[in-house]
Amino acid sequence: AALREGYERFDPRAYLRNNYLPPRADFSSEEFVVPWKLRCLAETFASGEIRGRTLIDVGSGPTIYQLLSACDHFEEIVATDYLAVNREELGRWARGEPGAFDWSPFIQHVCKIEGRGEPWQDKERRLRDRLRRILPIDVHRPDPLGSPLSPPADALLSAFCLEAVSPDRAAFARALLHVGSLLRPGGHALLLGALGESFYLAGPARLPVVPLALSDVRAALAGAGLTLRQLRSYAMPPALRTGVDDVDGVFFAHAQK
């Protein structure tokens, strides 16, 4: 209940300013956090192993950067979020409406690291074409979408969602189990998340986060029936500790059901 109340004050634009503009969104060096996240995803999708009909993005928030490398490997991408304001923000970008957040620096960077010489506008169009549904979700329900995804997703992606909407580690593990039910057997799960974070700011909202260690991530994945394939971590440098949160680092996990 306290989490729900806090999220009623969530400001998507403030969240985007805090995390997806400089200094955190600095593409001048691979040492910065946003290029690190994008490289983790690009390298993992470059294997060609993670592909299929449907990818579901759990707790998309108001962001699309996490889908840029994924969109080349799936016919359909389903974005989801608990908050209507985030779903509206995503819809504005997907429709190309004036005033939507400018993701072009992210798209250009992903095209650069993927190294195929593709015009960034082509990738932008492809993601918009494949982002066909933006659905409400509640990861604390055993059936997060309200009804089963049919057919189940070939892959699941979730970035900075589960630890930010769970009151404790047990709730984080249950939420991962719930969203894992959306994935077919053999399907792949990719997670980006915060390490050692207890709060973050989004406008007037100060939102609690479960402070996770890598051992918590490993245990939750195992409990959800997901076999860990890869686990990477990033330590947040002092220059990026801007006061909008108290995050120590970021993890990237690739697991398989």
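Guide: On a 1 Å grid over the protein atoms alone, a cavity is a set of points where a 1.4 Å probe fits but cannot get out, and a pocket is an open set with protein on both sides within 12 Å along at least five of seven lines; lining residues have an atom within 4 Å of a point. Grid points are joined across faces, edges and corners, and a volume is the space filled by probe spheres set on the points. This is a predicted model, in which local features need pLDDT of at least 70 and side-chain atom pairs pLDDT 80 or more, while totals for chains, interfaces and linings use all residues. Residues are numbered from 1 along each chain as its sequence is written, and side-chain values use heavy atoms, with hydrogens and water left out.

Visitor: How many cavities of 30 Å³ or more are there?

Guide: The largest cavity has a volume of about 230 Å³. With the limit at 30 Å³ or more, the count is 2.

Visitor: Which element gives the largest share of the lining of the largest cavity?

Guide: Among the residues closest to the centre of this cavity are Asn 19, Arg 24 and Asp 245. Helices and strands here are DSSP runs (helices H or I, at least four residues; strands E, at least two), numbered from the N terminus. Two or more lining residues come from each of α2 (12–20), α3 and β6 (199–202). The largest share, 3 residues, is that of α2.

Visitor: How many residues of the lining of the second largest cavity are charged?

Guide: Ala, Val, Leu, Ile, Met, Phe, Trp, Tyr, Cys and Pro count as nonpolar, Asp, Glu, Lys and Arg as charged, and the others, Gly among them, as polar. The lining includes Ser 158, Glu 163 and Phe 251. By class it has 7 nonpolar and 1 polar residues, and the number charged is 1.

Visitor: Which element gives the most to the lining of the largest pocket?

Guide: This pocket holds about 500 Å³ of space. Tyr 7 and Tyr 82 are among the lining residues closest to its centre. Elements giving two or more residues are α1 (2–7) and α2. The most, 4 residues, comes from α1.

Visitor: How many residues are in the largest nonpolar core?

Guide: A nonpolar core is a set of buried Ala, Val, Leu, Ile, Met, Phe, Trp, Tyr and Cys residues joined through side-chain atoms within 4.5 Å. Buried means under 20% relative accessible area (1.4 Å probe, protein chains only). Tyr 20 and Trp 103 are among the members that touch the most others, and the core's residues number 57.

Terms used: Buried means under 20% relative accessible area, exposed over 50%, partly exposed in between (1.4 Å probe, protein chains only).
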